[in-house]
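Q: Here is a model to go through term by term. Please set each value against its definition before drawing a conclusion.

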Amino acid sequence: MAADFCNLKGGETVAIWGCGPVGQFAIRSAFLLGAERVLAIDTVAERLDLAREAGAETIDFMKEDVYDRIIELTKGRGADACIDAVGTEAAPMASADSMLDRVKTATFMGTDRPHVLRQAIHCCRNFGTVSIVGVYGGFLDKIPMGSAINRGLTFRMAQTPVQHYLPPLLERIENGDIDPSFVITHTAPLEDGPELYKTFRDKKDGCIKVVLKPGMKEPAHV
């Protein structure tokens with residue numbers, strides 16, 4: 001859905017914030033729908049590696065300025081479409097405004113940390129599209145709406161209506177066009193769920209996607 005919202009016609013450059021499971025599928029979906037280039041933003045090494053395997057150009061937001069790098073890579077134009085696949089769980093130390101967002105949420109002055117959305121707006125070209133699938137839970141602060149309006153950006157956002165997208169995706173899987181199993185890094189019994197959620201949350205053990213199997217006796221890494 002994130003890539004579908006970008007209204008790709010072929011040949012576009014798409015920037016994607018977040019290389020977790022949603023971001024990984026968005027990368028491959030963007031290419032599948034015709035994007036020529038995908039710029040993937042994250043800081044977790046194994047996630048960036050997986051993005052590169054899909055053909056994306058990667059940007060480590062802890063090592064370089066995301067806006068400057070995207071403007072450089074697009075020769076000053078900006079990305080044709082920007083996908084926010086992070087939402088409210090953005091890393092607290094990614095930038096000065098992200099640290100301020102963290103303070104606001106800790107002191108109950110805000111409900112979300114939208115610095116990724118701000119960045120996506122700034123990095124999008126004139127009359128481009130900002131696709132938001134990273135979930136926000138409340139009111140957002142300091143969104144550069146003036147910039148978005150002046151440059152004619154389109155915003156598309158939602159939580160995915162799974163039943164709408166499932167039939168064509170299953171057809172593509174059956175035809176061999178896509179194989180979603182690439183994202184699975186851990187397979188474990190159901191009772192290991194809470195501990196593996198912590199592992200995923202803390203970005204340990206290369207954990208990107210977990211499959212839980214009731215009745216399974218021994219955990220396995222794929």
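A: Take the contacts first: among those between residues at least 6 apart in sequence, 66% join residues at least 24 apart. Contact means heavy atoms within 4.5 Å. The model is predicted, with local features needing pLDDT of at least 70 and side-chain atom pairs pLDDT 80 or more, while totals for chains, interfaces and linings use all residues. Residues are numbered from 1 along each chain as its sequence is written, and side-chain values use heavy atoms, leaving out hydrogens and water.

Q: How many helices and strands does the protein have?
A: The secondary structure comes to eight helices and nine strands, taken as DSSP runs numbered from the N terminus (helices H or I, at least four residues; strands E, at least two).

Q: Why does Asp 80 count as buried?
A: Buried means under 20% relative accessible area, exposed over 50%, and partly exposed in between (1.4 Å probe, protein chains only). Asp 80 has 11% relative accessibility, so it counts as buried. Of the 222 residues of the protein, 41% count as buried.

Q: What makes Arg 125 and Asp 80 a salt bridge?
A: The term requires a side-chain nitrogen of Lys or Arg within 4 Å of a carboxyl oxygen of Asp or Glu. The closest N and O atoms of Arg 125 and Asp 80 are 2.6 Å apart. The pair links distant parts of the chain, with Arg 125 in strand β5 (residues 124–132) and Asp 80 in strand β4, 45 residues apart. The structure holds eight salt bridges.

Q: How are Asp 49 and Arg 52 placed in helix α2?
A: They are three residues apart, which means a separation of about one helical turn. Their side chains meet in a salt bridge at 2.5 Å, N to O. Asp 49 has a relative accessible area of 37% and is therefore partly exposed; Arg 52, at 40%, also counts as partly exposed.

Q: What makes Phe 25 and Phe 182 an edge-to-face pair?
A: Rings of Phe, Tyr and Trp (its six-membered ring) pair if their centres lie within 6.5 Å; planes under 30 degrees apart are stacked, over 60 edge-to-face, and the rest tilted. The rings of Phe 25 and Phe 182 lie 5.3 Å centre to centre with 70° between the planes, an edge-to-face pair. The structure holds one aromatic pair. Phe 25 is in helix α1 and Phe 182 in the loop between α7 and β7 (186–188), 157 residues apart. At 30% relative accessibility, Phe 25 is partly exposed, and Phe 182 is partly exposed at 24%.

Q: Which residues have the most contacts inside the largest nonpolar core?
A: They are Val 14, Ile 16, Ile 27, Ala 30, Val 38 and Ile 83, in a core of 23 residues. A core is a set of buried Ala, Val, Leu, Ile, Met, Phe, Trp, Tyr and Cys residues joined through side-chain atoms within 4.5 Å. β1 (13–17), α1 (21–32), β2 (37–42), α2 (45–53) and β4 (79–84) each supply at least two of its residues. The largest share, three residues, comes from α1. Ala 30 touches Ala 3, Leu 8, Val 14, Ala 35 and Val 38, not counting residues up to four places away in sequence.

Q: Is Leu 166 buried or partly exposed?
A: Its relative accessible area is 34%, so Leu 166 is partly exposed. Leu 166 is found in helix α7 (residues 162–174).
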